[in-house]
Amino acid sequence: MQPAVDSKQSEVKQSSKFWDVFKRYNLLILILLFVALAASLSPKFLTVQNFLNLLQQSSVIGIVSIGMTFVIIVAGIDLGVGSVVAFAGMIAAVLLAGGHGLVISIGVALLAGMALGSINGFLTTKAKVPAFIVTLAMMVAARGLALLVTDGRPVFNLPAAFNWLGAGFIGPFPVSGLLWLLITLIAVLVLTYTTFGRSLYAIGGNAESARLSGIRVERNIIIVFAISGMLSALAGVVLASWLTVGQPTAAKGLELDAIAAVVLGGTNLFGGSGGVLGTFGGVWLMAIITNIFNLLGLSSYYQMIFMGLIIVAALILNQFVANRD
């Protein structure tokens with residue numbers, strides 16, 4: 001009987017090791033699978049130039065997704081990021097077209113985004129309105145502000161120097177992509193090595209326990225929403241710079257892409273776990289999948305359907321892996 005028992009124990013150990021590896025590297029495994037699929041569809045996919053293009057094209061959603069990760073870690077949600085992107089881009093464009101300098105124009109846009117994010121945080125913590133409702137209202141209001149700035153008209157004739165931020169290069173590397181990488185690194189350091197970062201996980205895990213342990217829950221949540229607003233504004237500036245136009249209808253639906261990237265990256269939609277590195281991988285996974293859709297020549301309608309199905313599948317996978325703990 002002993003050999004049979006040993007064999008059973010060995011099978012259990014191997015199964016446990018498999019799930020440990022799968023849980024830790026499931027996003028990387030998915031990325032590698034889709035990279036292999038994309039490479040089989042087009043020999044141009046596995047080129048340095050293509051990856052640099054993806055880095056540039058993903059920088060706007062990547063920057064927004066970092067702020068969204070902070071919000072979701074504290075068990076919140078921010079549906080207003082797409083509208084804040086458009087509003088901040090319009091603010092920067094109007095100021096630049098009016099002859100103001102780059103620093104002032106970009107600075108005012110960032111402060112405007114931070115202010116809108118702070119309002120989200122204040123209403124969520126002080127007025128006790130659910131973040132879903134508050135940010136849904138902000139999504140509508142900020143879009144209205146973006147349209148109001150120029151009565152719905154786009155702003156052209158932006159200075160050439162402004163275009164460098166969104167479309168310029170340092171060597172072979174796109175400036176917007178390098179900016180995304182830099183912010184990702186800073187966010188990882190903040191979440192991993194600072195008291196503020198660790199407190200966010202405690203708040204997302206159990207806000208009341210975090211409060212009883214001395215963490216200033218409301219203040220930290222307001223800061224998190226302010227960070228999300230500021231990063232959304234920065235993404236809006238980058239987008240306006242890339243397009244060389246302030247467009248009030250820009251970034252529609254971007255909030256859903258950001259949430260999808262965060263979830264694909266393994267951050268728990270109910271807070272308390274996850275991180276920016278996973279979100280970085282989630283953004284890349286979405287970029288690769290979109291690239292595959294384009295290689296297959298799928299229309300945007302089918303792309304939205306399949307992207308939705310992939311997001312649901314990722315959610316089910318995350319829940320399945322979590323339940324095995």
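1. Ser83 touches Met138, Met139, Ala142, Arg143 and Glu255, not counting residues up to four places away in sequence; contact here means heavy atoms within 4.5 Å. Ser83 is found in helix α4, helices being DSSP runs of H or I with at least four residues, numbered from the N terminus. At 2% relative accessibility, Ser83 counts as buried, a class defined by under 20% relative accessible area with a 1.4 Å probe and protein chains only.

2. The model is predicted, so local features need pLDDT of at least 70 and side-chain atom pairs count only at pLDDT 80 or more, while totals for chains, interfaces and linings use all residues. Residues are numbered from 1 along each chain as its sequence is written, and side-chain values use heavy atoms, with hydrogens and water left out.

3. Helix α4 has 17 residues and reaches 24 Å from its first C-alpha to its last. That span is close to the 24 Å expected at 1.5 Å a residue, the expected value being 1.5 Å times one less than the number of residues. Of the 17 residues of α4, 15 are buried, so the helix is largely enclosed by the rest of the structure. Just after α4, Gly99 takes a positive phi of about 95°.

4. Met138, one of the contacts of Ser83, lies in helix α6 (residues 131–149). Met138 counts as buried because its relative accessibility is 9%. Leaving aside neighbours within four places in sequence, Met138 is in contact with Ser83, Leu116, Ile119, Asn120 and Arg143. The C-alpha atoms of Met138 and Ile119 are separated by 8.9 Å, and the two residues are 19 apart along the chain.

5. A search of the whole structure finds two cavities of 30 Å³ or more. On a 1 Å grid over the protein atoms alone, a cavity is a set of points where a 1.4 Å probe fits but cannot get out, and lining residues have an atom within 4 Å of a point. Grid points are joined across faces, edges and corners, and a volume is the space filled by probe spheres set on the points. The largest cavity has a volume of about 60 Å³. Its lining includes Val85, Ala86, Gly89 and Met90, together with Gly236, Leu239 and Ala240. The elements that give two or more residues to this lining are α4 (81–97) and α11 (217–243). By class, the lining has eight nonpolar, four polar and no charged residues; Ala, Val, Leu, Ile, Met, Phe, Trp, Tyr, Cys and Pro count as nonpolar, Asp, Glu, Lys and Arg as charged, and the others, Gly among them, as polar.

6. The largest pocket holds about 980 Å³ of space, a pocket being an open set with protein on both sides within 12 Å along at least five of seven lines. It is lined by 33 residues, of which Ile61, Asp257, Met286, Thr290 and Met307 lie nearest its centre. Elements giving two or more residues to the lining include α2 (48–57), α3 (59–73) and α11. The lining of the largest pocket comprises 20 nonpolar, 11 polar and two charged residues.

7. The largest nonpolar core has 88 residues, and those with the most contacts inside it are Ile63, Ile66 and Phe70. Such a core is a set of buried Ala, Val, Leu, Ile, Met, Phe, Trp, Tyr and Cys residues joined through side-chain atoms within 4.5 Å. Beyond four places in sequence, the contacts of Phe70 include Ala187, Val190, Leu191 and Phe196.

Terms used: Buried < 20%, exposed > 50% of the residue type's maximum accessible area, 1.4 Å probe, protein only.
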